[in-house]
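Below is a short report on one protein chain. Look over the sequence and the structure before reading on.

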Amino acid sequence: MTDTTAHQCAYPEVKVGHDLADGELLKVGDRILVPCPDCGATPRDELDWCTGTIEQTEKAFTRLALDRGMSLYHWSPTKNRGGIIRRGLVPHRRPTTHATPSWRAPYVCFGDTVAWAWALSGAQRSAPAGSWDLWETRMGDLTEPRILPVDDVNGIHEIRTEHRVYKRHLWYVGTRVKS
Ligand SMILES: [Zn+2]
């Protein structure tokens with residue numbers, strides 16, 4: 001791994017000329033990033049380093065949230081209440097917030113606060129108006145939870161699980177109306 005603490009790597013952008021062009025990957029006029037002149041690290045090295053950092057952050061957050069028995073929140077249109085009471089929250093349902101009708105989320109997602117969960121769902125422009133229910137669960141009740149980290153606020157973007165959240169682990173909090 002490259003020691004990135006010693007200096008801030010820079011990756012100069014160069015335009016591919018006839019000398020570099022190979023007619024396949026590199027075409028004349030393409031713009032590419034070349035390795036850092038100071039240490040020889042490539043943009044690919046940096047990307048790998050970032051990916052590793054994100055994975056470690058995810059794992060650390062998940063452990064911490066499990067330790068604390070964190071509460072999680074999910075908003076769903078009230079018309080889904082009957083289904084949630086019968087089956088719980090199930091991945092691969094048609095999402096309420098995406099414009100593409102055929103796309104199905106392979107996971108169920110939660111926010112760590114009520115307001116943030118709302119921002120991710122009901123508050124979206126594409127989300128339907130009308131009555132929405134709020135559901136609460138516990139991090140420890142999710143199967144294989146994953147935390148998506150973000151470099152903002154408390155560092156948690158959302159929590160996802162690819163597994164069903166059973167009705168016994170869901171608590172109906174209340175309803176609000178989106179106008
Ligand atoms: Zn460098």
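Which residues have the most contacts inside the largest nonpolar core? In this predicted model, they are Leu72, Phe110, Met139 and Ile159, and the core has 18 residues. Two or more residues of this core come from each of H1, strand S3, S4 and strand S5.

Strands of a sheet pair through backbone hydrogen bonds, either parallel or antiparallel. Here three strands form an open sheet in the order S4-S7-S6, with antiparallel pairing. S4 and S6 stand at the edges with a single partner strand each, so one side of each has no neighbour in the sheet. On average, neighbouring strands of this sheet are turned by 30° against each other, direction ignored.

| Strand | Residues |
|---|---|
| S4 | 108-110 |
| S6 | 146-149 |
| S7 | 156-161 |

S6 and S7 pair over four bridges in the antiparallel sense.

The length of H1 can be checked. At 1.5 Å a residue, its 25 residues should span 36 Å, and the end C-alpha atoms of H1 are 36 Å apart, which agrees. After H1 comes Gly69, with a positive phi near 55°.

Note on methods:
Residues are numbered from 1 along each chain as its sequence is written. This is a predicted model: local features need pLDDT of at least 70, side-chain atom pairs count only at pLDDT 80 or more; totals for chains, interfaces and linings use all residues. Two strands pair if DSSP finds at least two bridges between them. Axes are lines fitted to C-alpha atoms, for helices over the stretch in contact, and angles run from 0 to 180 degrees between N-to-C directions. The expected span of a helix is 1.5 Å times one less than its number of residues. A nonpolar core is a set of buried Ala, Val, Leu, Ile, Met, Phe, Trp, Tyr and Cys residues joined through C-beta atoms within 7 Å. A residue is buried if 20 or more other C-beta atoms lie within 10 Å of its own, exposed if 12 or fewer, and partly exposed in between; C-beta atoms are placed from the backbone.
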